[in-house]
Amino acid sequence: MIPKTTKHNVRQFYQTKGCYGHVLQTMNSFIILEIICFLYQVSLTVGEAKGHRSLGSWGEWSAWSKCSVTCGYGTSSRHKEWRQPDKKDKFPFYDIIECWSAVECPVHGRWSIWQEWTVCPVMCNGGVQRRERHCNEPGPKFGGNKCYGAKWEGKECGMQKCPVIPANFTMASCDHTSFICDSRRHCVPGGQRCDGILQCHDGSDERKCFSYVFRWNGVQSSGDVLMGNAQLLTFSLAMVFVVISQPT
């Protein structure tokens with residue numbers, strides 16, 4: 001009897017007393033093995049016809065095993081054995097195919113990477129920066145576990161003490177050269193704007209400044225970093241233009 005194969009290109013293992021094979025990955029190599037085994041079987045039949053002792057024969061195929069998984073893709077197998085007279089040794093041949101369960105496997109949720117910290121909402125007297133992450137890489141599906149842990153976290157920022165409005169200060173003391181603080185309750189000399197030292201009681205004289213972006217590390221207000229980056233980009237482009245415009 002010639003060992004049978006399936007139409008599936010699957011891993012096969014074959015071992016007999018006189019015919020041995022390792023893991024076969026392609027149907028072509030398996031066909032070659034079948035030819036060799038066929039010739040071997042013919043030689044046995046001829047030997048038996050001449051009165052030589054039988055070296056054995058194949059048993060029947062076993063039933064297909066259950067699929068190795070309860071969800072998704074797995075394998076199913078069957079086997080038969082080469083049995084020799086008067087010997088206890090058995091040499092199995094395995095036939096393995098892919099199987100699939102219609103039940104979707106649970107997909108457990110995983111966190112995304114942390115987003116960048118938000119800008120600090122204040123320049124002084126303390127605020128909180130936040131950053132978030134999301135349970136979407138992947139999100140839980142088919143009964144999978146949700147992500148465990150905090151969705152967001154915070155840290156203190158802008159902890160410098162705010163200046164106080166000077167006693168007896170009135171807005172009448174401000175002129176066209178003064179910087180009016182965002183609260184409209186205080187002004188400071190225009191020369192003190194963006195000098196790296198808080199003067200306004202709400203810290204607005206250092207907001208949207210290069211000195212703020214680069215000196216006040218971790219003390220950022222909404223929109224300020226974008227403004228600083230835009231100014232830096234404009235300066236860089238201007239320098240490139242100057243270099244290109246110079247005569248060679």
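Seven disulfides: the structure holds 7 of them. Keep in mind that this is a predicted model.

First up, Cys67 and Cys99. They form a disulfide with their sulfur atoms 2.0 Å apart. The link is right-handed, with 90° about the S-S bond. Where do the two ends sit? Cys67 lies in the loop between β3 (57–58) and β4 (72–83), and Cys99 in strand β5, so the pair ties together parts that are 32 residues apart in sequence. Cys67 counts as partly exposed, because its relative accessibility is 28%. Cys99 is at 13%, so Cys99 is buried.

Next, Cys71 and Cys105. Here the sulfur atoms are 2.1 Å apart. This link is right-handed, with 100° about the S-S bond. It connects distant parts of the chain: Cys71 is in the loop between β3 and β4, Cys105 in the loop between β5 and β6, and 34 residues separate them. Buried or exposed? Cys71 is buried, with a relative accessible area of 17%. Cys105 is partly exposed, at 27%.

Now Cys174 and Cys187. A disulfide joins them, S to S 1.8 Å. Which hand? The torsion about the S-S bond is about -100°, so this disulfide is left-handed. Cys174 is in the loop between β7 (152–157) and β8 (178–180), and Cys187 is in strand β9 (residues 187–189), so the pair ties together parts 13 residues apart in sequence. Cys174 is buried, at 17% relative accessible area. Cys187 is buried too, at 9%.

On to Asn125. This residue is found in the loop between β5 (90–101) and β6 (127–132). Asn125 has 56% relative accessibility, so it counts as exposed. What does Asn125 touch, leaving out residues up to four places away in sequence? Gly158, Gln160, Lys161 and Cys162. Take Gln160: 35 residues along the chain from Asn125, yet the C-alpha atoms are separated by 5.8 Å. Then Cys162: the side chain of Asn125 reaches the backbone nitrogen of Cys162 at 2.9 Å.

Last, the whole chain. There are 3 helices and 9 strands. From the N terminus, the order is β-β-α-β-β-β-β-β-β-β-α-α. Buried residues make up 30% of the 248 residues. Of the contacts between residues at least 6 apart in sequence, 50% join residues at least 24 apart. The chain exposes about 16,700 Å², and carbon and sulfur atoms supply 58% of that area.

Technical notes. Residues are numbered from 1 along each chain as its sequence is written. This is a predicted model: local features need pLDDT of at least 70, side-chain atom pairs count only at pLDDT 80 or more; totals for chains, interfaces and linings use all residues. Side-chain values use heavy atoms; hydrogens and water are left out. Helices (H or I, at least four residues) and strands (E, at least two) are DSSP runs, numbered from the N terminus. Buried means under 20% relative accessible area, exposed over 50%, partly exposed in between (1.4 Å probe, protein chains only). Contact means heavy atoms within 4.5 Å. A polar contact is a pair of N or O atoms within 3.5 Å; within protein, one must be able to donate a hydrogen and the other to accept it, and residues adjacent in sequence count only if both atoms are side-chain atoms. Accessible areas come from the Shrake-Rupley method with a 1.4 Å probe; for residues, only the protein chains shown count as cover. A disulfide is a pair of cysteine sulfur atoms within 2.5 Å.
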